[in-house]
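Hi everyone, thanks for making time this morning. I'd like to walk you through a structure, starting with its charged pairs and then turning to the strands. Here it is on the screen.

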Amino acid sequence: MKARILTSILAVVFSVAILNAANPNSVKYTNEETTAAGTVKEYTFCEKETLKPLNRAVYQYNANGELLEKVYYKWDNNTGWVSVQKYNYEYQDNKVASLIYSEWD
């Protein structure tokens with residue numbers, strides 16, 4: 001039992017360390033808006049020193065907390081936020097019935 005608990009704790013510590021080590025020169029800003037229709041969560045990553053935008057992820061949930069859509073953007077100095085990837089989820093009986101993936105060049 002103690003081995004399982006220790007292994008679980010170590011797995012969490014290592015996963016957090018790996019996520020932070022992926023880009024140590026960036027900072028993450030979060031924004032969450034909740035309405036009667038659902039919740040929108042936005043994560044924006046910027047350079048730590050200059051605060052220049054790098055990329056952004058937007059997650060849209062329905063009122064039941066089911067993920068409906070997630071969109072990834074990258075920053076372009078000429079045009080602003082540019083869509084990179086999009087996932088649309090459809091549910092049936094509280095399970096994901098279909099997933100639509102889109103990618104832009």
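Let's begin with the salt bridges: the count comes to two. Please keep in mind that this is a predicted model.

Take Arg 56 and Glu 42. They form a salt bridge in which the closest N and O atoms are 3.6 Å apart. Arg 56 belongs to strand 3, residues 53-62, while Glu 42 belongs to strand 2, residues 38-47, so this pair ties together parts that are 14 residues apart in sequence.

Now, is Arg 56 buried or exposed? Its relative accessibility is 18%, and because the cut-off for buried is under 20%, Arg 56 counts as buried.

Then we have Glu 69 and Lys 86. Here the closest N and O atoms of the salt bridge are 3.5 Å apart. As for accessibility, Glu 69 comes out at 21% and counts as partly exposed. Lys 86, at 23%, counts as partly exposed too.

How many strands does the open sheet have, and in what order? There are six, in the order 1-2-3-4-5-6, and the pairing is antiparallel. At the edges stand strand 1, residues 26-35, and strand 6, residues 95-103; each has a single partner strand, so one side of each is left without a neighbour in the sheet. Ignoring direction, neighbouring strands in this sheet are turned by 15° against each other on average.

Strand 1 pairs with strand 2 in the antiparallel sense over 10 bridges, and a hairpin joins strand 1 to strand 2 through two residues. If you'd like a spot to look for on the screen, find Glu 32, whose bridge partner in strand 2 is Lys 41.

Strand 3 and strand 4 are antiparallel as well, and they pair over seven bridges. There you can look for Asn 55, which stands opposite Lys 74 in strand 4.

That's my tour, and I'm happy to take questions.

Conventions
Residues numbered from 1 in each chain as written. Predicted model: local features only at pLDDT ≥ 70, side-chain atom pairs only at ≥ 80, totals over all residues. Heavy atoms only, no water. Salt bridge = Lys/Arg side-chain N within 4 Å of Asp/Glu carboxyl O. Helix = DSSP H or I, 4+ residues; strand = E, 2+ residues; numbered from the N terminus. Buried < 20%, exposed > 50% of the residue type's maximum accessible area, 1.4 Å probe, protein only. Pairing = 2+ DSSP bridges. Axes fitted to C-alpha atoms, helices over the stretch in contact; angles between N-to-C directions.
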